[in-house]
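Here is a friendly note to read alongside the model. Please keep the structure open and look up each residue as you go.

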Amino acid sequence: MKRPLFHRCGHSPAALTSEDQAAVDEFRTMLAALRSPEPWTPGRWQDVAVRVGPFIERAHTRPGDDHGPDVIAVALQHPGGAYASYGARCRQLGWLRCRTTRILGLWNPAYTPLTHAAAGLDLPEDTGMAPAHYALYVEARKRDDSLDGFTLLRLGPYAQTRHAEQDHDLLSATLDGQEVTLVPGYRVSVRYAPLDVSDHELFVDPYEADVTAALAVAIEAAPAE
């Protein structure tokens, strides 16, 4: 029987430096966390790990819209915490609608090397998740079918779609039959859309106001034709 030959070159493998060993240990910890993520279940408020393209991000959770257990609302966070600087622009995307199938499990600091921040990147414009805050826009448009006009009232943010839909129906019923008479020269209508976060100071909080009364005030203050 042939026996394997072992050649000695006079050198033994170099010992890892403390920095190298730390990197190896970090990588092993990350792999272990990926193989066996700590399960997340709806109703738990701990931060979760969410897939965003090829990356994994830390995210706060809150009860989702009204689409059952398959969709929740999340706010993506820097892996270092809510107040850590996230990229050159520190992009804040607000609450996003996240399918629970995108949740890997509870957030584990071992996932940090897999985040955009670790790669020196800001959060992307397109995360594949729609905004989870909604708004109603009551608009007055010229009756000549042009886009000329102005926004009478902005209501938001709505945390759940059904709340926005209820107020949309209420305002639509209030406007019914008066669309072209409330503001002379204009047609008034209500539009449902994602919240424009950059103009948040212009919005009336629908949970703290009577929306029909807010509409009446807005119409009263509307400029003449």
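Where does Pro 54 lie? Point 2 has the answer, after a word on the model.

1. **Ground rules.** This is a predicted model, in which local features need pLDDT of at least 70 and side-chain atom pairs count only at pLDDT 80 or more, while totals for chains, interfaces and linings use all residues. Residues are numbered from 1 along each chain as its sequence is written, and side-chain values use heavy atoms, leaving out hydrogens and water.

2. **Pro 54.** Pro 54 sits in the loop between strand E1 (48-52) and strand E2 (55-62). Helices (H or I, at least four residues) and strands (E, at least two) are DSSP runs, numbered from the N terminus. Pro 54 counts as exposed because its relative accessibility is 80%. The cut-offs for relative accessible area are under 20% for buried and over 50% for exposed, with partly exposed in between (1.4 Å probe, protein chains only). Now find Leu 114: it is 60 residues from Pro 54 in sequence, yet the C-alpha to C-alpha distance is 8.4 Å.

3. Side chains of opposite charge can pair when their charged atoms come close. A salt bridge here is a side-chain nitrogen of Lys or Arg within 4 Å of a carboxyl oxygen of Asp or Glu, and by this rule the count is three. One of them joins the side chains of Asp 47 and Arg 58, at 2.7 Å from N to O. This pair links distant parts of the chain, 11 residues apart: Asp 47 is in the loop between helix H1 (18-35) and E1, and Arg 58 is in strand E2. Both Asp 47 and Arg 58 are buried.

4. Through shared partners, Glu 139, Arg 141 and Arg 191 are joined into one network. Is Glu 139 buried or exposed? Glu 139 counts as buried, because its relative accessibility is 8%. Arg 141, at 27%, counts as partly exposed, and so does Arg 191, at 37%.

5. **The open sheet.** Strands of a sheet pair through backbone hydrogen bonds, either parallel or antiparallel. Here, five strands make an open sheet in the order E4-E3-E2-E1-E5, with antiparallel pairing; two strands pair if DSSP finds at least two bridges between them. Strand E4 (96-99) and strand E5 (103-106) are at the edges with a single partner strand each, so one side of each has no neighbour in the sheet. Strand E3 (residues 71-77) and E4 pair over four bridges, and Leu 96 in E4 is the bridge partner of Val 74.

6. **Helix H3.** Which residues of helix H3 (residues 211-220) are buried? They are Val 211, Ala 214, Leu 215, Ala 218 and Ile 219. These residues cover an arc of only 135° around the axis, so they lie on the same side of H3; the arc is that of the directions from the helix axis to the C-beta atoms. Val 217 and Glu 220, on the other side of H3, are exposed.
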